[in-house]
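Please look over the model below before reading my points. They go from a single residue to the whole chain and back to local details.

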Amino acid sequence: MRSIWNGAISFGLVSIPIKLVNATENHAIHFRQIHLADGGRIRYRKVCELDEEEVSGGEIGKAYEDADGTMIPITDEDLARLPLPTAKTIEIVAFVPADQIDPLQMDAAYYLSANGVPAAKPYTLLREALKRSNRVAVAKYALRGRERLGMLRVVDDVIAMHGLLWPDEIRAPEGVAPEGDVTVRDAELDLADALMDTLGEVDMDSLHDDYREAVEELIAAKASGEEVRPAESGEGGGGKVIDLIAALESSVRAARESRGEEDAGGEDGGEDEGDMAEVHPIKKTSSGTSGKSARRTSGSAAKTGKTAKKTTHRTPTGKTVTRSGGSAAKKSAPKATGAKKSTSTAKKSSGSGGSGGSSASGGRSTAKRTTAKKSASGGGTAKKSASSRKRASA
């Protein structure tokens, strides 16, 4: 790396020759101004206000503008004659704990490199002393025509120096804090702590500039003549916070989901959806319909039984006989053998109906009662038929 300043570190009576190297670099993409009509580049020229002529760099000097607009010329020779002990020296003035340095004072960062073989020994001595003391060195140095304040600390095996702003260059935060008294509840603090714990730590090396990468892709696409597609806009997280508790809970839940963790409802004060029982309403229509249909069936069966009892037939002799057997009673013959056949037929029909489940059981009992009645009526009919034949033969 190219050094931007050569000098020495003054450590008491010890002098350590060093080179100053930039520790950071700017990766920002810079644009040029162009003329929209023809694409020509726009350049600025240094023109004198008095004669309106362009002036070259060798003809340009420095001056201080007074309050009344008067220009006071200052030459490089004038600045060189000033008593500036830190012109080529980084003078260490104190060793302090690192937490005494306000991060607001942090400015540019540099690496200090030992300049030459003789500088290796005192350089290593200062580095190890800083490591063992867990402190940083506060120093003064001069760079680009002005005296500055710096802080020396150890980074790996190198001494680094951070440029610091002078204390009077830090502005007081007046009128920045929220106005009025704002009360924060313990529940809100607990959720904020949970959010911080969920987000956890981050590998600083994994962070990068997404916008710069998007600009580079845009430039590459335009350079190759490809069609530039508009980027998908993400959901904005802005807006007025109405419920701070709800916003914190949503943030914790989103952070856990992004890390692949399950959202434990007990920690957030909510209930897990999986623990909630589902309630199903009782369907009254089906049960009521089945009950009504059952009652209708039993009622129809009773009506059928009554109809069967009221069935009447005429015998060959002209007498009227009431039978309860329905269609089976019609088949009964005047002989006793016919009654037996009807009884056996009824038994077979009741036996074949036994495979019908609960309906078959009801059918068996009905068949038995019907068969008994048929047998009784059939027997009486047979006796009456026999007596009629005897009278006829007589």
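**Notes on the predicted model**

1. Start with Lys 62. At 46% relative accessibility, Lys 62 counts as partly exposed. The cut-offs are these: buried means under 20% relative accessible area, exposed means over 50%, and partly exposed lies in between, with a 1.4 Å probe and protein chains only.

2. A word on the source. This is a predicted model, in which local features need pLDDT of at least 70 and side-chain atom pairs count only at pLDDT 80 or more, while totals for chains, interfaces and linings use all residues. Residues are numbered from 1 along each chain as its sequence is written, and side-chain values use heavy atoms, with hydrogens and water left out.

3. Lys 62 has a partner. Its side chain meets that of Asp 76 in a salt bridge, at 2.6 Å from N to O. Asp 76 lies in helix 1 (residues 76-80) and Lys 62 in strand 3, so the pair ties together parts that are 14 residues apart in sequence. A salt bridge here is a side-chain nitrogen of Lys or Arg within 4 Å of a carboxyl oxygen of Asp or Glu. Side chains of opposite charge can pair when their charged atoms come close.

4. Stay on strand 3 (residues 62-65), where Tyr 64 is also found. Tyr 64 is exposed, with a relative accessible area of 54%.

5. Now the whole chain. It has ten helices and eleven strands. These are DSSP runs, numbered from the N terminus: helices are H or I with at least four residues, strands are E with at least two. Of the 394 residues, 20% are buried. The chain exposes about 30500 Å², and carbon and sulfur atoms supply 53% of it. Accessible areas come from the Shrake-Rupley method with a 1.4 Å probe; for residues, only the protein chains shown count as cover.

6. How many salt bridges does the structure hold? The count is eight. One of them joins the side chains of Arg 81 and Asp 78, at 2.7 Å from N to O. Arg 81 is exposed at 62% relative accessibility, whereas Asp 78 is partly exposed at 29%.

7. Check Arg 127 next. Arg 127 forms a salt bridge with Glu 128, and the closest N and O atoms are 3.1 Å apart. Is Arg 127 buried or exposed? Arg 127 counts as buried, at 14% relative accessibility. Glu 128 is partly exposed, at 36%. A network of salt bridges links Arg 127, Glu 128, Lys 131 and Asp 157.

8. Finally, two backbone angles. Asn 134 is not a glycine, and its phi is positive, near 55°. Asn 134 sits in the loop between helix 2 (120-133) and strand 7 (135-143), and is exposed at 64%. Asp 156, also not a glycine, has a positive phi of about 55°. The loop holding Asp 156 runs between strand 8 (146-155) and strand 9 (158-164). Asp 156 counts as exposed, at 68% relative accessibility.
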